[in-house]
Amino acid sequence: MVLRPNAVQCIRQATAAFARRPGPWLLVVAVVGLVVWNYFDAVSGLVHRWWNEPDYLYGFLVPVFSGYLLWTRRELATFEPVKGIWWGLPLIALAAAMRWASAYYYYELLDPMSLVPCLAGLTLFLGGWRALRWAWPAIVFLVFMVPLPGFIAGTLSHPLQRIGTLASTYVIQTIGLPCTSRGNVIVLATGQVGVVEACNGLRMMMLFVAVSAGAALVIEGGFLRKTVVVLSAIPIAVIANVARITVTSVLHEWVSHDLADKLFHDVAGFFMMPLAVGLLWLELGLISTLTIEEPDEPMVLSLNAETKKKAKKPRPRPRGHAGAR
């Protein structure tokens, strides 16, 4: 069992380390200030998109969760000055090349994306492999700050619309309501429901991929379990979107068109995330049930101790040779 220091202990260790050798810590503070100044415009552009585009509103939570990952792995952090290594310079050079390409070729998203290799390179250059081992999950998770490029979002939009339309039509027919699909429109007996671009599920898919990646970084388990959790984000997001379209269509038939459009359509959108999280929780439970856990190390040590104890027991002497010379 690993004991993690609390906040007071971390502050005391940092204060003591700064008092012993303030030079390296002042260098770290200066580098952090330089990075903040250098990337201020790029991060400001991201914040503007998060605020004005509902698809990427979750971007505000990405830095917060990255900080949480640093805190959960705090037992790996060291407050003593360590010697960095030169392998961080290629990552810093890669970040500089990405920023140059962003300015020269007008790829705006490359500028904020270069923050990820920049932070990884600085962590390695200033703190070495131990610092990178502590911080790499938080640094990698910052990838979800950057919105999808327009051509990727456009490529995924139409297939997701089509999948949502066909799957919802099948579910509605299974329930017993007559309907058919014409393009991205579900034709019901008393009306029709259009699966527009805003209902294609891309917003949910990006959000839930970020949530699944965060869950994979937090849960215990091997590489296979974490990979399954991340890859399952796409089908779970599709299922949640199909459930939203189906509920809206059923309410069109059973309640009223206006109420379904103005109220239940938006309410169903809010319930997509809890539904997806519930499906993820069921998936984790199923994986835990099907996974065979290896015996813990303390159990092995206790068995070895009992074996050694039995081996040390004195063997009984033969009666006939008692006292014989």
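Visitor: At what angle do helix 8 and helix 11 pack, and how far apart are their axes?

Guide: Two packed helices are described by the angle between their axes and the distance between the axes. In this predicted model, helix 8 (residues 150-175) packs against helix 11 (residues 233-254) at about 55°, and the axes lie 9 Å apart. The two helices are therefore oblique to each other.

Visitor: What is the handedness of the crossing where helix 8 passes helix 11?

Guide: The crossing of helix 8 and helix 11 is right-handed. On the helix 8 side, the contact is made by Leu 160, Ile 163, Gly 164, Ala 167, Ser 168, Val 171, Ile 172 and Ile 175. Helix 11 contributes Val 238, Val 242, Ile 245, Thr 246, Ser 249 and Val 250.

Visitor: Which residues touch the most other members of the largest nonpolar core?

Guide: In soluble globular proteins, nonpolar side chains tend to be buried together. Here the largest nonpolar core has 49 residues, and those touching the most other members are Tyr 39, Val 62, Phe 144, Met 145, Leu 202, Met 204 and Phe 208. Among the elements giving two or more residues to this core are helix 8, helix 9 (202-218), helix 11 and helix 13 (272-290). Helix 7 gives the most, with 11 residues.

Visitor: With which residues is Phe 208 in contact, leaving aside its neighbours within four places in sequence?

Guide: Phe 208 is in contact with Ala 233, Ile 236, Met 273, Ala 276, Val 277 and Leu 280. There is also a second, separate core of nine residues, including Leu 177, Ile 186, Leu 188 and Val 250.

Key: Residues are numbered from 1 along each chain as its sequence is written. This is a predicted model: local features need pLDDT of at least 70, side-chain atom pairs count only at pLDDT 80 or more; totals for chains, interfaces and linings use all residues. Side-chain values use heavy atoms; hydrogens and water are left out. Axes are lines fitted to C-alpha atoms, for helices over the stretch in contact, and angles run from 0 to 180 degrees between N-to-C directions. Helices (H or I, at least four residues) and strands (E, at least two) are DSSP runs, numbered from the N terminus. Angles under 35 degrees count as roughly parallel, over 145 as roughly antiparallel, 65 to 115 as roughly perpendicular and the rest as oblique. A crossing is left-handed if the near helix is turned anticlockwise from the far one by less than a right angle, and right-handed if clockwise. Contact means heavy atoms within 4.5 Å. A nonpolar core is a set of buried Ala, Val, Leu, Ile, Met, Phe, Trp, Tyr and Cys residues joined through side-chain atoms within 4.5 Å. Buried means under 20% relative accessible area, exposed over 50%, partly exposed in between (1.4 Å probe, protein chains only).
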